[in-house]
Amino acid sequence: MANAEPLPEKYDELVGVLQELSSPGGSLPGSNDFGCRPTAEHPRPVVLVHGTTGGAQITWGAFVPMLKNAGYCVFALTYGAIPGPWPISAVGGMRPIEGSAQEIGAFVDRVLAATGASTVDIVGHSQGTIATGYYAKVLGGHSKITNDVSLAPLWLGTKALGAEKLPGLFDRFGLPDTAFPICQACGQFAAGAKLVDKVNAGGTPYVEGIRYTNIGTRYDEQVVPFTQGMLPGLPGDDVTNIVVQDGCEKDDSDHTALTDSKRAGYLVLNALDPAHPREVPCA
């Protein structure tokens, strides 16, 4: 259902942070309306899945109003937070990804039950991409997803700061991938980690029946190299890879900025509704 008056759109990382500070543990205006009913134009609710240290409000201050104003039912969760009082509870993506994927699945089920839709579209960022991939491929959630749009995807894991050495180091000392201090998930999305291998079993992270769009940036300092998430897939996989600098060399978005970028946001809109493409801005 569309709002009577459009929500203000501001492509600034502080929007979500300020909302979390003013409404601890709450939801961004326009999101998590479980009375929302999808329209014929946009029949699937959109579920937003943040990355490491992100949250339902912290990450999505720019995208929620954009999607809501475009006519979507929009939902966002905070998963994988360390148990504790606010603000600890607002920082997600810290616990093992296997449990986070279960949380994502339970949230998707709640959204489907409330909206009456048969599938959702997911927009994930960073860790949220591989957590969604684990849900789809390992936990059997693929039948509940039509579009999977990934910002700074982590399909092959990251090699930032030598992260690819972590799996071997953990094995050497008989430690699990979750042994990384404080952030148990952080060792799980290193290149070569066991969880990454599970998601890529069979030579692809993709699942038949889901339409994938990967949106990356050459200036990603956390998914290194950024091409770790720009995988073409195997024959039969439905995959589109987009680099935000292609056609807009002056775009200097880094890893985090993709969730606050109007260019990335309009690429997301076009991935969700390719039959009605919008002109993508360059800034």
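Q: In this model, is lysine 144 buried, partly exposed or exposed?
A: The model is a predicted one. Buried means under 20% relative accessible area and exposed means over 50%. Lysine 144 has a relative accessibility of 27%, so the residue counts as partly exposed.

Q: Which residue meets lysine 144 in a salt bridge?
A: The N to O distance of this salt bridge is 2.7 Å. The partner of lysine 144 is aspartate 109.

Q: How many residues apart in sequence are the parts that aspartate 109 and lysine 144 tie together?
A: Aspartate 109 belongs to helix 3 (residues 97-115). Lysine 144 is found in the loop between helix 4 (127-137) and strand 4 (145-151). The pair therefore ties together parts whose separation in sequence is 35 residues.

Q: What is the relative accessibility of aspartate 109?
A: Aspartate 109 counts as partly exposed. Its relative accessibility is 36%.

Q: How many salt bridges does the structure hold?
A: The bridge between aspartate 109 and lysine 144 is one case, and aspartate 121 with arginine 44 is another. The number in the structure is five.

Q: How many residues apart in sequence are the parts tied together by aspartate 121 and arginine 44?
A: These two residues form a salt bridge in which the closest N and O atoms are 2.8 Å apart. Aspartate 121 lies in strand 3 (residues 120-125), and arginine 44 in the loop between helix 1 (14-22) and strand 1 (46-49). The pair thus links parts with a sequence separation of 77 residues.

Q: Is aspartate 121 buried or exposed?
A: The cut-off for buried is under 20% relative accessible area. Aspartate 121 has a relative accessible area of 1%, so aspartate 121 is buried.

Q: Which residue forms a salt bridge with glutamate 249 at 3.2 Å, and where does that partner lie?
A: Glutamate 249 is in the loop between strand 6 (238-243) and helix 7 (262-272). Its partner is in the loop between strand 5 (211-216) and strand 6, so the pair ties together parts 31 residues apart in sequence. The partner is arginine 218.

Q: Why is strand 5 largely enclosed by the rest of the structure?
A: Strand 5 pairs in the parallel sense with strand 4, over five bridges. It also pairs in the parallel sense with strand 6, over six bridges. Strand 5 is largely enclosed because, of its six residues, the number buried is five.

Q: Which residue in strand 5 is the bridge partner of asparagine 147?
A: Strand 4 and strand 5 are paired in the parallel sense. The bridge partner of asparagine 147 in strand 5 is arginine 211.

Q: What is the volume of the largest pocket?
A: The lining of this pocket has 26 residues, with Thr52, Thr53, Ser126, Gln222 and His255 nearest its centre. By class, the lining divides into 12 nonpolar, 12 polar and two charged residues. The volume of the largest pocket is about 580 Å³.

Q: How many charged residues line the second largest pocket?
A: This pocket holds about 180 Å³ of space. Its lining includes Asp251, Asp252, Lys262 and Arg263. Besides four nonpolar and two polar residues, the number of charged residues in the lining is five.

Conventions. Residues numbered from 1 in each chain as written. Predicted model: local features only at pLDDT ≥ 70, side-chain atom pairs only at ≥ 80, totals over all residues. Heavy atoms only, no water. Salt bridge = Lys/Arg side-chain N within 4 Å of Asp/Glu carboxyl O. Helix = DSSP H or I, 4+ residues; strand = E, 2+ residues; numbered from the N terminus. Buried < 20%, exposed > 50% of the residue type's maximum accessible area, 1.4 Å probe, protein only. 1 Å grid on protein atoms, 1.4 Å probe; cavity = no way out; pocket = protein on both sides within 12 Å on 5 of 7 lines; lining within 4 Å. Points joined across faces, edges and corners; volume = space filled by probe spheres on them. Nonpolar A, V, L, I, M, F, W, Y, C, P; charged D, E, K, R; others polar. Pairing = 2+ DSSP bridges.
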